[in-house]
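Here's a quick briefing on a protein chain, meant to be read alongside the coordinates.

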Amino acid sequence: MNLPLSRRQLLANASTGFGMAALASLLQAESPVHRAKRFAPKARSVIFCYMSGGVSHLDSFDPKPLLEKYAGQAMPVAVQKTQFNNNGTVQPAHWEFKQRGESGMPVSELFPHMATVADEICVIRSMTAKFSEHAQGNFFMHSGFPFLGYPSAGAWASYGLGTESRDLPGYIVLQSGGATVPHGGVGVFSNGFLPAQHQASIVQADAEEAVRNIRAHQPKNMQRRQLDFIGSMDHRFASMAQHDVHVDAAIANYEMAWRMQAAVPELCDIRGETEATKKLYGMDGPDDTRTAYARQCLLARRLVERGVRFVELSCLPQKLGGNQAANPWDQHGQIKKGHGNMAYQVDQPIAALVKDLKSRGLLDSTLVIWAGEFGRTPFAQGTDGRDHNPYGFSLWMAGGGIKPGHIYGATDDFGYHATENACTVYDLWATVLHQMGIDHEQLTYRFSGRDLRLTDVHGNVLRDVIA
């Protein structure tokens, strides 16, 4: 007896690339994500400028005049245990703060270019973290959990919303120059228990081959026939496995890899960008680290133009060297020199990214986030460094419906602990998902008998930072 074919069976038996591509779209359309409550989004995409290592909020976005008064003295309040417990005396900011823009937002001379977009950003001065070690801090900031195995925010965004690009994944991590993965390894960008198409794709922005094996080593028609043959076998196996989501995800990834062979080289070819645009980002100067990071920022804009949902940028090692490739903002000594080098690398490119997005009408629909895993202590480590401080630090957001030229929350007079509107990682991602049109409490995935989510059982939308 011949039974009518289902849509899945028909597509599984199709012998052309169209059948495979249609199947991938069908799988995405039938994803259980659509159980999540959706509403009109303010942001289509996120660009996450991750400052791995921990930027000193006291030297950048949170001025504390009292540090000058107590400079060289012991902290007059109780000091928590630090990472190295080599605690020195109170250390004032190494850069002068000035009020910037019409909003009068204080930004230090560490970031003279970001100061020019002060009226576009919203600084959260009361961020907190639960961990003061880099690997745990990186996992926590990305996934809400301090260890391997949980999906990162980018993977959740891809799972929740998919990608608007047919030819590029929903979650891309950009690297360039000597940039590497933060402490914790590639698991920081993991899809965890989510289907595999939501893991990050790492793109080397300035490499001859931006993604490994992106260039076909055989004629395209031959490769297509091979993929179709493999696909037909995969679909039979998927049917036997009752279309397990992870099997279907692997099939979808084959097709995405096929389409990326044309999309990635075109993305990374910036010869069509004007010289004025390249100069805006800082690609015309002699500094190789700034030029390399500027390329990431420029590609980030090109990615959101193409509908990629979540883009993360990676800092390059700072010039002082010495085992800091994974956490280049981590200055336990010579913080003025180290932070100065790192700021020179990222300051102009990130400010240019905000300006470029705005000039192209993309800032309203793109949420830019600038953050590290924790801040630094108001007292010195040794004589001229700062240790890790998870008790109160700063990050900023811009675009995507976030209130511009605004400061939210506060730390104490020494910049040590959050004292007003203390925020958590869960609050941050709840707010980001809200701006992308998703209720964070309803974006869940059942794993090991429990409905898990990015914000675990926590998180409140920071409504006071929403425009």
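"Buried" here is under 20% relative accessible area, with exposed over 50% and partly exposed in between (1.4 Å probe, protein chains only). Helices (H or I, at least four residues) and strands (E, at least two) are DSSP runs, numbered from the N terminus.

Before going on, note that this is a predicted model: local features need pLDDT of at least 70, side-chain atom pairs count only at pLDDT 80 or more, and totals for chains, interfaces and linings use all residues. Residues are numbered from 1 along each chain as its sequence is written, and side-chain values use heavy atoms, leaving out hydrogens and water.

**Strand pairing**

- β7 runs parallel to strand β6 (residues 171-175), and four bridges join them; two strands pair if DSSP finds at least two bridges between them.
- Isoleucine 172 has serine 201 in β7 as its bridge partner.
- β6 also runs parallel to β8, this time with three bridges.
- Tyrosine 171 is bridged to phenylalanine 310 in β8.
- Strand β1 (residues 45-50) pairs with β8 too, in the parallel sense and over five bridges.
- Valine 46 is the residue standing opposite phenylalanine 310 in β8.

**Strand β8: covered on both sides**

- Five of the five residues in β8 (residues 310-314) are buried.
- Phe310, Glu312 and Ser314 sit on one side, Val311 and Leu313 on the other, and all are buried.

**Where α4 meets α11**

- The axes of helix α4 (residues 134-143) and helix α11 (residues 425-435) come within 8 Å and cross at roughly 35°. Axes are lines fitted to C-alpha atoms, for helices over the stretch in contact, and angles run from 0 to 180 degrees between N-to-C directions.
- On the α4 side, Phe140, Met141 and His142 meet Val425, Tyr426, Leu428 and Trp429 of α11; contact means heavy atoms within 4.5 Å.
- By class, this contact has six nonpolar residues, one polar and no charged ones. Ala, Val, Leu, Ile, Met, Phe, Trp, Tyr, Cys and Pro count as nonpolar, Asp, Glu, Lys and Arg as charged, and the others, Gly among them, as polar.

**Aromatic pairs**

- The structure holds 23 aromatic pairs. Rings of Phe, Tyr and Trp (its six-membered ring) pair if their centres lie within 6.5 Å; planes under 30 degrees apart are stacked, over 60 edge-to-face, and the rest tilted.
- Phenylalanine 61 and phenylalanine 111 have ring centres 5.7 Å apart and planes at 20°, so they count as stacked.
- Phenylalanine 61 is in the loop between β1 and α3 (66-69) and phenylalanine 111 in the loop between β4 (105-108) and β5 (121-127), so the pair ties together parts 50 residues apart in sequence.
- Both phenylalanine 61 and phenylalanine 111 are buried.
- Phenylalanine 140 and tyrosine 426 go edge-to-face, at 5.7 Å centre to centre and 90° between the planes.
- Phenylalanine 140 belongs to helix α4 and tyrosine 426 to helix α11, so this pair ties together parts 286 residues apart in sequence.
- Phenylalanine 140 and tyrosine 426 are both buried.

**The chain overall**

- The chain has eleven helices and 17 strands.
- Of its 467 residues, 59% count as buried.
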